[in-house]
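Trainee: I am new to this structure and would like to learn how to read its features. Where do we begin?

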Amino acid sequence: MSRRTRAAWVAAGVVGLLGVGLAWGELSGWTVLRQPIENAASRQVGVPVTMQGRFKLHLLWRPRLEVDRLRIGSDERFGVPHLLDAERVTLAWQWRDVWQWRQGARLRVQQLQANTLDARPTRLTDGQANWQLRPQGTAPTDEEDTDVAAALPRFGALVVGQGRIELKDRVQDIDLAIDVQGSEGEAVSHAASGYRASLTGRYRTLPLKLQVRAGSTLPLIQDPEVAPDAPWVPLRVEGTAGAARLLFDGQAAALLGMPRLDGALQFQGRSLAEVGRPLGITLPQTPPFDLRGRLSQNAGVWRLQASRATIGSSRLAGDLQFHQLAQPRRLTGELTGSKLAFADLGPAIGGEGGTAAPPARQVAQGRVLPQRPFDLPSLKAMDADVQVKIDEVDFGTPAMAPLRGLQTRIQLDAGVLRLDDLQATVSGGQFKGMTQLDANTQPAQWQARLDIANVDIAGWMPGLRRDAAPGKATAPTATRTLKKEREQARQGGEQAVQSYVTGVLFAKLDVRGAGRSTAEILGSLHGPVDLTLRDGTISHLATEAMGLDVAQALGVFVRGDHPLPLRCARFDLQARQGVMEPRLAVIDNQDSTVRISGNVNLRDETLALRLVTQPKDWSLLSLRTPITVNGTLGKPAVGIEGRGLAGRVLGALALGAAAGPAAAVLPLVERGSQAEGDPCTTVAAAPAKSTETTPRKP
């Protein structure tokens with residue numbers, strides 16, 4: 001036999017022996033490799049790894065490991081007996097994934113199944129964690145320090161029959177315990193079959209107490225990339241998250257890591273912000289809420305299709321998506337609804353909202369403007385882009401008609417909250433504008449622009465009607481009354497006035513401020529505010545009262561308060577560091593012209609206003625003198641300037657004593673004068689200089 005032939009036989013023999021050896025190893029389960037694998041694994045992860053009982057390993061066809069008991073130890077400094085202690089374990093993988101892991105990629109495991117499992121993942125305040133498995137002396141990677149999910153392999157399926165998982169993460173302030181109990185087999189009734197799990201503990205500041213019931217398996221983790229055909233099983237979750245109650249009834253393919261689920265949701269709680277804050281979701285402070293809809297999660301996107309969301313007295317709905325994997329996290333979608341109660345926004349803008357009593361500090365100071373600080377850090381927790389369409393915005397009082405057809409776009413980008421394209425209609429007119437709050441500056445910067453056009457003031461504010469009563473005043477009836485009163489005023493009708501003021505309102509504002517609360521922002525307000533009211537009427541009695549015209553007021557009282565045509569009313573105000581001062585403030589009708597001076601200080605909420613009435617007709621008995629409004633926004637004090645009034649009264653007394661009682665009336669006679677031009681324009685409205693002083697602040 002030639003040398004070449006012998007070599008071929010030798011090679012064939014070696015291959016045959018190898019084949020026989022591999023076949024024997026696959027059939028026997030490679031039991032001889034138990035100890036070498038334990039030693040190699042212990043060196044690789046830096047803690048003891050032991051495998052007890054039946055051991056079966058397959059390396060070629062569908063590689064997998066089956067062992068009765070697998071135990072991975074934990075360093076003593078973590079204070080737990082082990083990281084993992086599992087029984088009846090099946091571990092499946094692909095060699096391609098192992099090779100990629102050796103090249104630096106994250107390890108993928110096709111399946112990890114255990115009949116019983118006891119896991120104790122723990123991380124200390126210094127960032128060291130017992131799940132950071134690596135050879136001793138090796139520094140942890142940045143990913144390992146970030147999250148427990150980043151340190152674990154990616155599982156195609158992680159299924160547990162029964163057991164307990166205790167997660168203690170002092171870095172992220174998580175302390176959770178998950179207990180799993182399975183019930184399967186021919187002796188178990190269908191109603192009692194399936195898996196039950198309880199989750200108790202704390203996720204950051206949110207206490208959790210949940211009960212989970214699943215179908216034939218409990219799919220803790222199913223990676224859609226590793227196991228795209230993972231089965232969906234029935235799932236029911238109910239319990240509490242903080243003060244909120246939760247009920248989910250649907251199906252799931254994974255509960256942990258990257259959840260995959262879909263089902264009906266019921267959720268009730270005290271405030272949306274209490275739920276969203278621990279989860280890193282920016283939600284507003286609200287009154288108690290009750291949400292019904294459908295919740296799903298797939299590929300890192302949570303979707304909430306809310307068919308009904310009751311928040312306080314608001315009635316909302318929407319379709320929202322929360323992109324969990326985006327950096328930063330992002331909320332998108334549409335918010336709709338039949339009614340949004342303005343009072344329910346109170347907590348979000350620094351007020352109390354609903355029927356809650358104001359804080360003691362605010363009551364003690366007698367303040368009206370909301371003092372509660374905004375939750376500015378939450379504006380940096382995520383981004384958002386949500387379209388809003390609300391049928392009705394209710395101001396919570398019959399004195400104001402609701403806004404209709406509210407539309408806006410809420411954008412939250414890197415700590416800057418914007419409401420763009422804001423528009424709504426009310427009483428024949430329209431609101432348009434925008435507002436923005438920038439939480440990146442210290443203090444936070446706020447700005448707003450608003451245009452109001454063609455708004456029927458009596459239709460928008462039914463509270464201006466003399467017969468206004470809770471639940472009776474509505475925008476349509478007030479609008480019809482307004483048209484009737486205008487016609488009566490033009491024709492000199494005799495029917496008594498129903499609204500103190502009517503007319504068409506136009507307004508513009510472009511203001512900005514800075515602060516941590518509504519009160520601080522308004523206390524630093526800067527910019528113009530211009531309001532104009534035209535083509536309306538004003539109460540004759542109110543006009544005479546502002547001028548203290550006793551004779552005409554008595555006449556109006558006797559024959560009835562008829563509307564006077566309102567030529568115009570304009571308030572052109574300028575805010576500087578929270579102090580509102582009129583550049584022009586005038587009310588003009590056919591009887592009188594009223595001019596207002598002074599200021600409103602929003603920093604300390606004090607008033608210092610002065611009203612001067614200039615009559616256009618004569619009056620027999622007039623005590624006309626400037627009216628003052630002092631005090632605070634919470635307790636205004638209306639008075640008169642005693643100097644002018646005392647002069648008239650003393651003059652009347654002196655003349656009466658000298659020339660007789662009839663002569664005493666002469667100092668009280670008002671001749672009146674007709675001003676030329678439109679007093680509501682800046683040039684024509686400039687009042688003549690007066691030697692009388694502006695009232696001091698109290």
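Mentor: Begin with the disulfide search, where a disulfide is a pair of cysteine sulfur atoms within 2.5 Å. Over the whole structure, the search finds one disulfide. This is a predicted model, in which local features need pLDDT of at least 70 and side-chain atom pairs count only at pLDDT 80 or more, while totals for chains, interfaces and linings use all residues. Residues are numbered from 1 along each chain as its sequence is written, and side-chain values use heavy atoms, with hydrogens and water left out.

Trainee: Which residues does the disulfide join?

Mentor: A disulfide is a covalent bond between the sulfur atoms of two cysteines. Here Cys568 is joined to Cys680, with an S to S distance of 1.8 Å. The pair links distant parts of the chain, 112 residues apart: Cys568 lies in strand β27 (residues 563-576) and Cys680 in the segment after α13 (642-659). Such helices (H or I, at least four residues) and strands (E, at least two) are DSSP runs, numbered from the N terminus.

Trainee: Is the disulfide right-handed or left-handed, and why?

Mentor: The torsion about the S-S bond of Cys568 and Cys680 is about 95 degrees, so the disulfide is right-handed.

Trainee: Is Cys680 buried or exposed?

Mentor: Buried means under 20% relative accessible area, exposed over 50%, and partly exposed in between (1.4 Å probe, protein chains only). Cys680 has a relative accessible area of 2%, so it is buried. Cys568 is buried too, at 0% relative accessibility.

Trainee: Where is Ser74 found?

Mentor: Ser74 sits in the loop between β2 and β3 (84-92). Its relative accessibility is 14%, so Ser74 counts as buried.

Trainee: What is Ser74 in contact with?

Mentor: Contact means heavy atoms within 4.5 Å. Leaving aside neighbours within four places in sequence, Ser74 is in contact with residues including Val47, Val80, Pro81 and Asn130.

Trainee: Where is Trp61, and is it buried or exposed?

Mentor: Trp61 is in the loop between β1 (49-58) and β2 (64-72). With a relative accessible area of 67%, Trp61 is exposed.

Trainee: How many helices and strands does the chain have?

Mentor: The chain has 13 helices and 32 strands. Of its 698 residues, 44% count as buried.

Trainee: What share of the contacts join residues at least 24 apart?

Mentor: Among contacts in the chain between residues at least 6 apart in sequence, the share is 53%.
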